[in-house]
Amino acid sequence: MRDLQTLTNQPFDLIVIGGGINGAATARDASLRGLRTILLEKGDFGGGTTSWSSRLIHGGLRYLEYFEFNLVRESLHEREVLLRNAPHLVKPLPLTIPIYRSGSRSYRIVQAGMVFYDLLSYDKSLPNHRMLSRSSTQQLFRAIDADGLAGAAQYYDGQAEHAERLCLENILDAEQAGATVLNYAQVEDIHLSKQRITSLTCRDLLSGQPFEVTTHDRTVVINTSGPWVDEVCGLSQSPVSQNRKIGGTKGSHIIVDAFPGAPDAALYVEAKSDGRPFFILPWLGQYLIGTTDEHYAGSLNQVKADDAEIDYLLKETNAVLPAAHLTREDVRFTYAGVRPLPYAEGKKTGSITRAHILHDHGQEGAKNLISLIGGKLTTHRQVGEELVDAAFRQRGETRPACPTHDRPLPGAMQLDDPRLGEWRDRYHHRIPNLNHLINIYGARTGDLLALVDRHPTLAQPIVDYSSDIQAQIVFAVQAEMAHTFMDILRRRTTVAMHHNYGFAALPVVAQVLQEYCGWSEDLCDRDIRAYHQFMAANCIPDYALGEERASLQTA
(Lines give C-alpha, C1' and ligand atoms only; values in the text may rest on other atoms or scores of the structure.)
Protein backbone atom coordinates (compact mmCIF):
# COMPACT_ATOMS: atom_id res chain seq x y z
CA MET A 1 0.00 0.00 0.00
CA ARG A 2 1.14 3.52 -0.76
CA ASP A 3 1.38 5.98 2.12
CA LEU A 4 -0.86 8.70 0.71
CA GLN A 5 -1.29 10.47 4.04
CA THR A 6 2.44 11.17 4.23
CA LEU A 7 2.31 12.68 0.74
CA THR A 8 -0.49 15.02 1.79
CA ASN A 9 1.40 16.27 4.83
CA GLN A 10 4.72 17.03 3.10
CA PRO A 11 4.92 19.78 0.46
CA PHE A 12 7.27 19.20 -2.47
CA ASP A 13 9.83 21.41 -4.19
CA LEU A 14 9.06 20.01 -7.62
CA ILE A 15 5.91 18.28 -8.86
CA VAL A 16 6.13 16.45 -12.20
CA ILE A 17 2.87 15.53 -13.93
CA GLY A 18 3.41 12.77 -16.47
CA GLY A 19 5.68 9.75 -16.23
CA GLY A 20 6.79 9.25 -19.79
CA ILE A 21 10.45 9.44 -20.73
CA ASN A 22 10.68 13.23 -20.32
CA GLY A 23 8.89 13.32 -16.98
CA ALA A 24 11.05 10.45 -15.73
CA ALA A 25 14.23 12.25 -16.81
CA THR A 26 13.06 15.46 -15.11
CA ALA A 27 12.28 13.69 -11.83
CA ARG A 28 15.66 11.94 -11.96
CA ASP A 29 17.60 15.14 -12.60
CA ALA A 30 15.69 17.13 -9.97
CA SER A 31 16.06 14.56 -7.21
CA LEU A 32 19.77 14.14 -7.97
CA ARG A 33 20.16 17.91 -7.62
CA GLY A 34 18.53 17.92 -4.21
CA LEU A 35 14.93 18.95 -4.92
CA ARG A 36 12.20 17.14 -3.01
CA THR A 37 10.41 15.71 -6.02
CA ILE A 38 7.21 13.84 -6.73
CA LEU A 39 6.18 12.38 -10.09
CA LEU A 40 2.51 11.60 -10.80
CA GLU A 41 1.53 9.39 -13.74
CA LYS A 42 -2.12 8.51 -14.41
CA GLY A 43 -1.22 5.25 -16.17
CA ASP A 44 1.97 3.24 -16.18
CA PHE A 45 5.42 4.73 -16.55
CA GLY A 46 6.24 5.06 -20.24
CA GLY A 47 2.77 3.87 -21.17
CA GLY A 48 1.99 6.69 -23.60
CA THR A 49 4.09 8.13 -26.42
CA THR A 50 7.28 6.55 -25.04
CA SER A 51 5.79 3.09 -25.41
CA TRP A 52 4.55 3.71 -28.95
CA SER A 53 7.74 5.13 -30.47
CA SER A 54 9.91 3.69 -33.26
CA ARG A 55 12.50 2.80 -30.59
CA LEU A 56 15.25 4.75 -32.27
CA ILE A 57 17.92 6.86 -30.61
CA HIS A 58 18.79 9.05 -33.55
CA GLY A 59 19.96 12.45 -34.60
CA GLY A 60 17.01 13.12 -36.86
CA LEU A 61 18.62 13.04 -40.27
CA ARG A 62 15.37 14.25 -41.84
CA TYR A 63 15.40 17.41 -39.70
CA LEU A 64 18.31 18.72 -41.77
CA GLU A 65 15.83 19.41 -44.58
CA TYR A 66 14.02 21.87 -42.31
CA PHE A 67 17.27 23.54 -41.18
CA GLU A 68 16.82 22.37 -37.57
CA PHE A 69 20.56 22.08 -37.15
CA ASN A 70 20.52 22.77 -33.40
CA LEU A 71 18.03 19.94 -32.87
CA VAL A 72 20.12 17.53 -34.93
CA ARG A 73 23.29 18.48 -33.07
CA GLU A 74 21.55 18.14 -29.69
CA SER A 75 20.10 14.76 -30.68
CA LEU A 76 23.43 13.43 -31.91
CA HIS A 77 25.12 14.53 -28.70
CA GLU A 78 22.43 12.87 -26.58
CA ARG A 79 22.68 9.71 -28.68
CA GLU A 80 26.33 9.49 -27.65
CA VAL A 81 25.45 10.09 -23.98
CA LEU A 82 22.95 7.22 -24.04
CA LEU A 83 25.31 4.84 -25.81
CA ARG A 84 27.73 5.51 -22.94
CA ASN A 85 25.32 5.66 -19.96
CA ALA A 86 22.85 2.93 -20.97
CA PRO A 87 24.85 0.46 -23.09
CA HIS A 88 22.56 -2.44 -22.15
CA LEU A 89 19.49 -0.65 -23.52
CA VAL A 90 20.87 1.54 -26.33
CA LYS A 91 22.84 -0.20 -29.05
CA PRO A 92 24.47 1.07 -32.27
CA LEU A 93 22.24 0.45 -35.28
CA PRO A 94 23.50 0.48 -38.89
CA LEU A 95 20.97 1.94 -41.33
CA THR A 96 20.90 1.98 -45.10
CA ILE A 97 19.06 4.51 -47.27
CA PRO A 98 18.32 3.17 -50.77
CA ILE A 99 18.46 6.03 -53.29
CA TYR A 100 16.27 5.95 -56.41
CA ARG A 101 16.44 8.18 -59.45
CA SER A 102 12.71 8.82 -59.15
CA GLY A 103 13.01 9.78 -55.46
CA SER A 104 12.78 13.25 -54.00
CA ARG A 105 16.45 13.27 -53.00
CA SER A 106 19.24 12.61 -55.47
CA TYR A 107 22.38 10.61 -54.74
CA ARG A 108 24.42 13.82 -54.37
CA ILE A 109 21.85 15.47 -52.08
CA VAL A 110 21.79 12.43 -49.80
CA GLN A 111 25.58 12.33 -49.82
CA ALA A 112 25.75 16.00 -48.82
CA GLY A 113 23.29 15.33 -46.00
CA MET A 114 25.42 12.44 -44.79
CA VAL A 115 28.54 14.60 -44.72
CA PHE A 116 26.72 17.27 -42.72
CA TYR A 117 25.34 14.61 -40.35
CA ASP A 118 28.89 13.41 -39.68
CA LEU A 119 30.09 16.97 -39.08
CA LEU A 120 27.31 17.58 -36.55
CA SER A 121 28.27 14.38 -34.71
CA TYR A 122 31.96 15.28 -34.51
CA ASP A 123 32.25 13.82 -30.98
CA LYS A 124 30.68 10.45 -31.80
CA SER A 125 32.10 6.99 -31.18
CA LEU A 126 30.27 5.48 -34.18
CA PRO A 127 31.74 5.19 -37.69
CA ASN A 128 31.17 7.83 -40.36
CA HIS A 129 28.83 7.19 -43.26
CA ARG A 130 29.75 5.53 -46.52
CA MET A 131 28.13 5.78 -49.92
CA LEU A 132 27.39 2.67 -51.98
CA SER A 133 27.20 2.30 -55.72
CA ARG A 134 24.23 0.66 -57.39
CA SER A 135 26.10 -2.64 -57.79
CA SER A 136 27.33 -2.66 -54.18
CA THR A 137 23.82 -1.95 -52.93
CA GLN A 138 22.43 -4.82 -54.96
CA GLN A 139 25.15 -7.15 -53.71
CA LEU A 140 24.46 -6.31 -50.05
CA PHE A 141 20.66 -6.18 -50.39
CA ARG A 142 19.87 -8.74 -53.04
CA ALA A 143 16.11 -8.55 -52.53
CA ILE A 144 15.88 -4.79 -52.91
CA ASP A 145 13.90 -3.30 -55.79
CA ALA A 146 16.49 -2.53 -58.47
CA ASP A 147 14.26 -0.48 -60.78
CA GLY A 148 15.78 3.01 -60.89
CA LEU A 149 18.18 2.25 -58.05
CA ALA A 150 21.09 4.73 -57.99
CA GLY A 151 22.91 3.46 -54.90
CA ALA A 152 22.61 3.85 -51.16
CA ALA A 153 23.96 5.61 -48.09
CA GLN A 154 24.96 3.73 -44.95
CA TYR A 155 25.34 5.30 -41.52
CA TYR A 156 24.87 4.58 -37.81
CA ASP A 157 22.31 5.67 -35.26
CA GLY A 158 21.07 3.90 -32.13
CA GLN A 159 18.20 1.61 -31.16
CA ALA A 160 16.42 1.17 -27.83
CA GLU A 161 14.62 -2.12 -28.35
CA HIS A 162 13.05 -1.78 -24.90
CA ALA A 163 12.19 1.91 -24.90
CA GLU A 164 9.83 1.49 -21.95
CA ARG A 165 12.68 0.17 -19.84
CA LEU A 166 14.79 3.21 -20.67
CA CYS A 167 11.99 5.23 -19.07
CA LEU A 168 11.73 2.80 -16.15
CA GLU A 169 15.44 3.03 -15.34
CA ASN A 170 15.15 6.82 -15.16
CA ILE A 171 12.26 6.27 -12.74
CA LEU A 172 14.25 3.80 -10.63
CA ASP A 173 17.23 6.15 -10.45
CA ALA A 174 14.95 9.03 -9.46
CA GLU A 175 13.44 6.93 -6.69
CA GLN A 176 16.89 5.86 -5.50
CA ALA A 177 17.86 9.55 -5.31
CA GLY A 178 14.85 10.28 -3.07
CA ALA A 179 12.02 11.10 -5.45
CA THR A 180 8.49 9.87 -4.83
CA VAL A 181 7.30 8.23 -8.05
CA LEU A 182 3.70 7.06 -8.46
CA ASN A 183 2.09 5.40 -11.42
CA TYR A 184 -1.69 5.05 -11.54
CA ALA A 185 -1.95 8.38 -9.71
CA GLN A 186 -4.19 10.76 -11.64
CA VAL A 187 -4.28 14.53 -11.17
CA GLU A 188 -7.96 15.51 -11.07
CA ASP A 189 -7.86 19.17 -10.09
CA ILE A 190 -5.33 21.99 -9.96
CA HIS A 191 -5.87 24.69 -7.33
CA LEU A 192 -4.52 28.22 -7.78
CA SER A 193 -4.31 31.20 -5.46
CA LYS A 194 -2.58 34.50 -6.13
CA GLN A 195 -1.33 33.23 -9.50
CA ARG A 196 0.37 30.19 -8.05
CA ILE A 197 -0.57 26.53 -7.93
CA THR A 198 -1.14 25.75 -4.27
CA SER A 199 -2.15 22.09 -4.42
CA LEU A 200 -3.25 19.24 -6.65
CA THR A 201 -6.18 16.95 -5.98
CA CYS A 202 -5.21 13.46 -7.11
CA ARG A 203 -6.62 9.95 -7.03
CA ASP A 204 -4.83 6.69 -6.48
CA LEU A 205 -6.37 4.62 -9.26
CA LEU A 206 -5.26 1.37 -7.62
CA SER A 207 -7.29 1.92 -4.45
CA GLY A 208 -9.69 4.65 -5.62
CA GLN A 209 -8.52 6.82 -2.72
CA PRO A 210 -8.20 10.60 -3.25
CA PHE A 211 -5.21 12.51 -1.92
CA GLU A 212 -3.71 15.99 -2.04
CA VAL A 213 -0.24 17.07 -3.10
CA THR A 214 0.62 20.43 -1.60
CA THR A 215 3.13 23.11 -2.53
CA HIS A 216 5.05 25.82 -0.73
CA ASP A 217 6.07 29.31 -1.85
CA ARG A 218 8.92 28.04 -4.07
CA THR A 219 7.37 24.88 -5.49
CA VAL A 220 7.49 24.48 -9.26
CA VAL A 221 5.05 22.28 -11.17
CA ILE A 222 6.25 20.69 -14.42
CA ASN A 223 3.70 19.39 -16.92
CA THR A 224 5.37 16.65 -18.98
CA SER A 225 2.17 14.83 -19.90
CA GLY A 226 2.97 14.70 -23.63
CA PRO A 227 -0.17 14.67 -25.80
CA TRP A 228 -2.21 15.27 -22.62
CA VAL A 229 -0.57 18.66 -21.90
CA ASP A 230 -3.70 20.59 -22.87
CA GLU A 231 -5.89 18.27 -20.81
CA VAL A 232 -3.76 18.85 -17.72
CA CYS A 233 -3.81 22.61 -18.30
CA GLY A 234 -7.58 22.35 -18.65
CA LEU A 235 -7.87 21.16 -15.05
CA SER A 236 -7.09 24.71 -13.95
CA GLN A 237 -9.91 27.24 -13.87
CA SER A 238 -7.74 30.03 -15.20
CA PRO A 239 -6.30 31.38 -18.48
CA VAL A 240 -3.84 28.46 -18.27
CA SER A 241 -6.56 26.33 -19.84
CA GLN A 242 -6.87 28.61 -22.87
CA ASN A 243 -4.90 28.58 -26.13
CA ARG A 244 -4.23 25.17 -27.59
CA LYS A 245 -0.60 24.12 -27.28
CA ILE A 246 -0.46 20.55 -28.63
CA GLY A 247 -1.19 19.61 -32.24
CA GLY A 248 -0.34 15.95 -32.08
CA THR A 249 0.26 13.73 -35.08
CA LYS A 250 -0.39 10.01 -35.14
CA GLY A 251 2.35 7.50 -35.89
CA SER A 252 1.50 3.84 -36.49
CA HIS A 253 3.71 0.75 -36.65
CA ILE A 254 3.36 -2.91 -37.52
CA ILE A 255 5.44 -5.89 -36.39
CA VAL A 256 5.98 -8.90 -38.67
CA ASP A 257 8.06 -12.05 -38.53
CA ALA A 258 11.11 -12.46 -40.77
CA PHE A 259 9.99 -12.60 -44.40
CA PRO A 260 11.50 -13.46 -47.80
CA GLY A 261 14.06 -10.81 -48.67
CA ALA A 262 14.11 -9.37 -45.16
CA PRO A 263 17.26 -7.24 -44.72
CA ASP A 264 19.89 -8.10 -42.12
CA ALA A 265 20.26 -4.40 -41.32
CA ALA A 266 17.78 -1.57 -40.93
CA LEU A 267 16.44 0.25 -43.98
CA TYR A 268 15.38 3.89 -44.03
CA VAL A 269 13.32 4.14 -47.18
CA GLU A 270 11.18 6.59 -49.08
CA ALA A 271 7.62 5.44 -49.72
CA LYS A 272 7.06 5.18 -53.45
CA SER A 273 3.44 6.37 -53.31
CA ASP A 274 3.95 9.64 -51.43
CA GLY A 275 7.67 10.07 -50.73
CA ARG A 276 7.30 9.85 -46.96
CA PRO A 277 10.31 8.24 -45.22
CA PHE A 278 9.73 5.17 -43.05
CA PHE A 279 11.80 2.45 -41.38
CA ILE A 280 12.11 -1.31 -41.77
CA LEU A 281 13.91 -2.26 -38.56
CA PRO A 282 15.18 -5.61 -37.28
CA TRP A 283 13.75 -5.85 -33.77
CA LEU A 284 14.13 -8.76 -31.32
CA GLY A 285 14.01 -11.39 -34.04
CA GLN A 286 11.16 -9.72 -35.90
CA TYR A 287 10.75 -6.57 -38.00
CA LEU A 288 9.29 -3.28 -36.86
CA ILE A 289 7.91 -1.23 -39.74
CA GLY A 290 6.78 2.38 -39.47
CA THR A 291 5.84 5.04 -39.04
CA THR A 292 2.97 7.04 -40.45
CA ASP A 293 2.46 10.74 -39.73
CA GLU A 294 -1.11 12.04 -39.75
CA HIS A 295 -2.93 14.85 -37.97
CA TYR A 296 -4.87 13.39 -35.05
CA ALA A 297 -7.85 14.73 -33.12
CA GLY A 298 -9.30 11.55 -31.59
CA SER A 299 -9.17 10.08 -28.11
CA LEU A 300 -5.71 10.10 -26.56
CA ASN A 301 -6.60 7.08 -24.44
CA GLN A 302 -7.46 4.88 -27.42
CA VAL A 303 -5.10 5.26 -30.38
CA LYS A 304 -4.97 2.57 -33.01
CA ALA A 305 -3.34 1.86 -36.36
CA ASP A 306 -6.27 1.81 -38.76
CA ASP A 307 -6.59 -0.63 -41.62
CA ALA A 308 -5.52 1.94 -44.21
CA GLU A 309 -2.28 2.69 -42.35
CA ILE A 310 -1.48 -1.01 -42.00
CA ASP A 311 -2.12 -1.57 -45.71
CA TYR A 312 0.08 1.45 -46.53
CA LEU A 313 3.03 0.07 -44.55
CA LEU A 314 2.63 -3.39 -46.08
CA LYS A 315 2.35 -1.98 -49.59
CA GLU A 316 5.38 0.28 -49.27
CA THR A 317 7.50 -2.48 -47.74
CA ASN A 318 6.56 -4.78 -50.62
CA ALA A 319 7.46 -2.02 -53.06
CA VAL A 320 11.04 -1.73 -51.81
CA LEU A 321 11.41 -5.49 -51.13
CA PRO A 322 9.29 -7.17 -53.85
CA ALA A 323 10.00 -10.72 -52.64
CA ALA A 324 8.37 -9.99 -49.27
CA HIS A 325 4.74 -10.35 -50.44
CA LEU A 326 3.57 -9.22 -47.02
CA THR A 327 -0.18 -9.33 -46.38
CA ARG A 328 -2.47 -8.58 -43.47
CA GLU A 329 -2.06 -12.18 -42.30
CA ASP A 330 1.65 -11.51 -41.65
CA VAL A 331 0.98 -8.74 -39.12
CA ARG A 332 1.76 -9.95 -35.59
CA PHE A 333 1.19 -6.72 -33.67
CA THR A 334 0.30 -3.11 -34.34
CA TYR A 335 0.60 0.01 -32.27
CA ALA A 336 0.03 3.71 -32.67
CA GLY A 337 0.81 6.79 -30.63
CA VAL A 338 0.48 10.55 -30.74
CA ARG A 339 3.52 12.79 -31.01
CA PRO A 340 3.10 15.79 -28.67
CA LEU A 341 4.09 18.37 -31.29
CA PRO A 342 3.35 22.11 -31.09
CA TYR A 343 -0.02 23.15 -32.45
CA ALA A 344 0.56 24.48 -35.96
CA GLU A 345 -2.67 24.89 -37.87
CA GLY A 346 -2.41 24.28 -41.59
CA LYS A 347 1.15 22.93 -41.55
CA LYS A 348 2.10 19.65 -43.16
CA THR A 349 2.80 17.06 -40.48
CA GLY A 350 6.37 16.45 -41.60
CA SER A 351 7.25 20.13 -41.44
CA ILE A 352 6.11 20.68 -37.83
CA THR A 353 9.17 21.25 -35.67
CA ARG A 354 10.42 18.37 -33.54
CA ALA A 355 12.27 20.78 -31.26
CA HIS A 356 10.88 20.95 -27.74
CA ILE A 357 9.48 24.10 -26.12
CA LEU A 358 9.41 25.00 -22.43
CA HIS A 359 6.20 26.98 -22.02
CA ASP A 360 6.11 29.22 -18.93
CA HIS A 361 2.52 29.85 -17.82
CA GLY A 362 3.41 32.93 -15.77
CA GLN A 363 1.52 35.35 -18.02
CA GLU A 364 -1.51 33.04 -17.95
CA GLY A 365 -1.94 33.15 -14.20
CA ALA A 366 0.23 30.27 -12.99
CA LYS A 367 3.69 31.60 -12.22
CA ASN A 368 5.01 28.27 -10.96
CA LEU A 369 3.85 26.08 -13.88
CA ILE A 370 5.94 25.03 -16.90
CA SER A 371 4.63 22.79 -19.67
CA LEU A 372 6.81 20.79 -22.03
CA ILE A 373 5.63 20.91 -25.64
CA GLY A 374 7.29 18.26 -27.80
CA GLY A 375 10.30 16.25 -26.70
CA LYS A 376 11.90 13.17 -28.26
CA LEU A 377 12.98 9.84 -26.86
CA THR A 378 16.56 10.64 -27.87
CA THR A 379 16.79 13.99 -26.10
CA HIS A 380 15.01 13.13 -22.84
CA ARG A 381 18.07 13.65 -20.64
CA GLN A 382 18.70 17.10 -22.12
CA VAL A 383 15.02 17.99 -21.71
CA GLY A 384 15.13 16.97 -18.06
CA GLU A 385 18.22 19.11 -17.51
CA GLU A 386 16.59 22.15 -19.12
CA LEU A 387 13.38 21.77 -17.13
CA VAL A 388 15.23 21.47 -13.83
CA ASP A 389 17.41 24.47 -14.72
CA ALA A 390 14.18 26.41 -15.37
CA ALA A 391 12.79 25.27 -12.02
CA PHE A 392 15.83 26.60 -10.17
CA ARG A 393 15.49 29.92 -12.01
CA GLN A 394 11.85 30.17 -10.93
CA ARG A 395 12.87 29.38 -7.37
CA GLY A 396 15.41 32.21 -7.51
CA GLU A 397 18.26 29.85 -6.70
CA THR A 398 21.63 29.14 -8.24
CA ARG A 399 21.31 25.86 -10.07
CA PRO A 400 23.66 23.06 -9.01
CA ALA A 401 25.61 21.28 -11.72
CA CYS A 402 23.59 18.70 -13.64
CA PRO A 403 24.86 15.18 -12.78
CA THR A 404 23.06 13.15 -15.45
CA HIS A 405 25.47 13.79 -18.32
CA ASP A 406 27.99 11.32 -16.90
CA ARG A 407 25.79 9.24 -14.58
CA PRO A 408 25.04 5.72 -15.85
CA LEU A 409 21.52 4.36 -15.52
CA PRO A 410 21.04 1.65 -12.86
CA GLY A 411 21.44 -1.27 -15.26
CA ALA A 412 24.46 0.06 -17.12
CA MET A 413 27.35 -2.39 -17.39
CA GLN A 414 30.24 -3.02 -19.75
CA LEU A 415 30.96 -6.19 -21.71
CA ASP A 416 34.06 -6.92 -19.63
CA ASP A 417 32.16 -6.88 -16.34
CA PRO A 418 33.22 -9.99 -14.36
CA ARG A 419 29.62 -10.62 -13.27
CA LEU A 420 28.75 -11.68 -16.82
CA GLY A 421 31.03 -14.70 -16.65
CA GLU A 422 29.83 -15.59 -13.16
CA TRP A 423 26.18 -15.49 -14.21
CA ARG A 424 26.82 -17.60 -17.30
CA ASP A 425 28.74 -20.21 -15.28
CA ARG A 426 25.99 -20.49 -12.67
CA TYR A 427 22.83 -20.26 -14.74
CA HIS A 428 23.44 -21.35 -18.34
CA HIS A 429 22.03 -24.83 -17.67
CA ARG A 430 18.83 -23.46 -16.15
CA ILE A 431 18.37 -20.40 -18.38
CA PRO A 432 19.40 -21.16 -21.97
CA ASN A 433 19.16 -17.58 -23.24
CA LEU A 434 20.71 -15.70 -20.35
CA ASN A 435 21.96 -13.01 -22.75
CA HIS A 436 18.34 -12.03 -23.37
CA LEU A 437 17.93 -11.14 -19.69
CA ILE A 438 21.26 -9.34 -19.55
CA ASN A 439 20.24 -7.20 -22.53
CA ILE A 440 17.11 -6.17 -20.63
CA TYR A 441 18.30 -5.78 -17.04
CA GLY A 442 22.05 -5.23 -17.39
CA ALA A 443 23.65 -4.83 -13.98
CA ARG A 444 20.29 -5.54 -12.33
CA THR A 445 20.24 -9.09 -13.74
CA GLY A 446 21.72 -10.41 -10.49
CA ASP A 447 18.66 -9.24 -8.54
CA LEU A 448 16.42 -11.08 -10.99
CA LEU A 449 18.52 -14.25 -10.81
CA ALA A 450 18.31 -14.19 -7.01
CA LEU A 451 14.60 -14.94 -7.44
CA VAL A 452 15.52 -18.03 -9.44
CA ASP A 453 17.84 -19.13 -6.63
CA ARG A 454 15.00 -18.87 -4.11
CA HIS A 455 12.35 -20.33 -6.41
CA PRO A 456 13.93 -22.56 -9.10
CA THR A 457 10.64 -23.10 -10.95
CA LEU A 458 10.68 -19.40 -11.90
CA ALA A 459 13.44 -20.20 -14.40
CA GLN A 460 10.76 -21.69 -16.67
CA PRO A 461 9.78 -19.66 -19.76
CA ILE A 462 6.59 -17.62 -19.67
CA VAL A 463 5.66 -18.89 -23.14
CA ASP A 464 7.46 -21.23 -25.48
CA TYR A 465 8.06 -18.58 -28.18
CA SER A 466 9.90 -16.19 -25.87
CA SER A 467 13.13 -16.18 -23.87
CA ASP A 468 11.41 -14.35 -21.00
CA ILE A 469 11.16 -16.37 -17.80
CA GLN A 470 8.57 -16.49 -15.03
CA ALA A 471 10.89 -14.75 -12.56
CA GLN A 472 10.41 -11.59 -14.60
CA ILE A 473 6.74 -11.55 -13.67
CA VAL A 474 7.53 -11.53 -9.96
CA PHE A 475 10.42 -9.09 -10.40
CA ALA A 476 8.18 -6.68 -12.33
CA VAL A 477 5.74 -6.54 -9.40
CA GLN A 478 8.20 -6.61 -6.52
CA ALA A 479 10.97 -4.39 -7.91
CA GLU A 480 9.58 -2.47 -10.88
CA MET A 481 6.18 -1.11 -9.80
CA ALA A 482 4.11 -3.21 -12.23
CA HIS A 483 0.43 -3.40 -11.25
CA THR A 484 -1.34 -4.94 -14.24
CA PHE A 485 -0.95 -7.69 -16.81
CA MET A 486 -0.35 -4.94 -19.39
CA ASP A 487 2.51 -3.54 -17.32
CA ILE A 488 4.13 -6.98 -17.19
CA LEU A 489 3.58 -8.24 -20.73
CA ARG A 490 3.79 -5.00 -22.70
CA ARG A 491 6.22 -2.73 -20.83
CA ARG A 492 8.38 -4.70 -18.34
CA THR A 493 8.70 -7.38 -21.04
CA THR A 494 7.69 -7.45 -24.72
CA VAL A 495 5.86 -10.80 -24.60
CA ALA A 496 2.65 -9.16 -25.84
CA MET A 497 4.25 -7.95 -29.05
CA HIS A 498 5.61 -11.17 -30.50
CA HIS A 499 2.78 -13.65 -31.01
CA ASN A 500 -1.01 -13.42 -30.78
CA TYR A 501 -0.88 -10.33 -28.57
CA GLY A 502 0.45 -12.29 -25.60
CA PHE A 503 -2.84 -14.08 -24.93
CA ALA A 504 -1.08 -17.44 -24.45
CA ALA A 505 0.88 -15.95 -21.54
CA LEU A 506 -2.15 -14.83 -19.52
CA PRO A 507 -2.80 -18.10 -17.65
CA VAL A 508 0.89 -18.40 -16.71
CA VAL A 509 1.03 -14.82 -15.48
CA ALA A 510 -2.13 -15.38 -13.42
CA GLN A 511 -0.72 -18.53 -11.85
CA VAL A 512 2.60 -16.90 -10.96
CA LEU A 513 0.96 -13.77 -9.54
CA GLN A 514 -1.36 -15.83 -7.36
CA GLU A 515 1.41 -18.10 -6.09
CA TYR A 516 4.21 -15.58 -5.54
CA CYS A 517 2.64 -12.11 -5.33
CA GLY A 518 -0.61 -12.72 -3.42
CA TRP A 519 -3.00 -11.76 -6.20
CA SER A 520 -6.51 -13.18 -5.91
CA GLU A 521 -8.16 -15.19 -8.65
CA ASP A 522 -10.84 -12.51 -9.02
CA LEU A 523 -8.22 -9.78 -9.47
CA CYS A 524 -6.45 -11.83 -12.14
CA ASP A 525 -9.73 -12.52 -13.94
CA ARG A 526 -10.60 -8.81 -14.00
CA ASP A 527 -7.15 -7.89 -15.24
CA ILE A 528 -7.21 -10.53 -17.96
CA ARG A 529 -10.48 -9.08 -19.22
CA ALA A 530 -9.01 -5.56 -19.14
CA TYR A 531 -6.00 -6.87 -21.07
CA HIS A 532 -8.23 -8.31 -23.81
CA GLN A 533 -10.19 -5.06 -23.98
CA PHE A 534 -7.05 -2.95 -24.31
CA MET A 535 -5.66 -5.10 -27.09
CA ALA A 536 -8.95 -4.99 -28.98
CA ALA A 537 -9.19 -1.22 -28.61
CA ASN A 538 -5.57 -0.35 -29.39
CA CYS A 539 -3.55 -3.13 -31.01
CA ILE A 540 -5.60 -5.77 -32.83
CA PRO A 541 -6.39 -4.50 -36.34
CA ASP A 542 -10.05 -3.81 -37.03
CA TYR A 543 -9.98 -6.36 -39.83
CA ALA A 544 -8.95 -9.07 -37.32
CA LEU A 545 -11.29 -8.20 -34.47
CA GLY A 546 -14.06 -10.73 -35.07
CA GLU A 547 -12.31 -13.62 -33.34
CA GLU A 548 -11.25 -11.49 -30.37
CA ARG A 549 -14.79 -10.15 -29.85
CA ALA A 550 -16.02 -13.73 -29.75
CA SER A 551 -13.45 -14.67 -27.10
CA LEU A 552 -14.43 -11.67 -24.98
CA GLN A 553 -18.10 -12.65 -25.07
CA THR A 554 -17.28 -16.11 -23.73
CA ALA A 555 -14.73 -14.90 -21.15
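This is a predicted model: local features need pLDDT of at least 70, side-chain atom pairs count only at pLDDT 80 or more; totals for chains, interfaces and linings use all residues.
## Packing of helix H4

Helix H4 itself runs over residues 107-120, and its 14 residues reach 20 Å from the first C-alpha to the last, close to the 20 Å expected at 1.5 Å a residue.

The buried residues of H4 are Val 110, Met 114, Tyr 117, Asp 118 and Leu 120. They lie on the same side of H4, because they cover an arc of only 160° around the axis. The face turned away from this buried side carries Arg 108, Ile 109 and Leu 119, which are exposed.

Asp 123 forms a salt bridge with Arg 73, with 2.9 Å between the closest N and O atoms. Asp 123 lies in the loop between H4 and E5 whereas Arg 73 belongs to helix H3, so the pair ties together parts that are 50 residues apart in sequence. Asp 123 is partly exposed, at a relative accessible area of 31%, while Arg 73 counts as buried at 18%.

Arg 84 forms a salt bridge with Asp 406, the closest N and O atoms being 3.7 Å apart. This pair links helix H3 to the loop between helix H9 (380-395) and helix H10 (418-427), across 322 residues. Arg 84 is partly exposed, at 38%, and Asp 406 is exposed, at 58%.

## Other salt bridges

In helix H14 (residues 485-492), Arg 491 and Asp 487 are 4 residues apart, separated by about one helical turn; their side chains meet in a salt bridge of 2.8 Å, N to O, and both residues are buried. A network of salt bridges links Asp 13, Arg 218, Arg 395 and Glu 397. The count for the model comes to 36 salt bridges.

Note on methods:
Residues are numbered from 1 along each chain as its sequence is written. Side-chain values use heavy atoms; hydrogens and water are left out. Helices (H or I, at least four residues) and strands (E, at least two) are DSSP runs, numbered from the N terminus. The expected span of a helix is 1.5 Å times one less than its number of residues. Buried means under 20% relative accessible area, exposed over 50%, partly exposed in between (1.4 Å probe, protein chains only). The arc is that of the directions from the helix axis to the C-beta atoms. A salt bridge is a side-chain nitrogen of Lys or Arg within 4 Å of a carboxyl oxygen of Asp or Glu.
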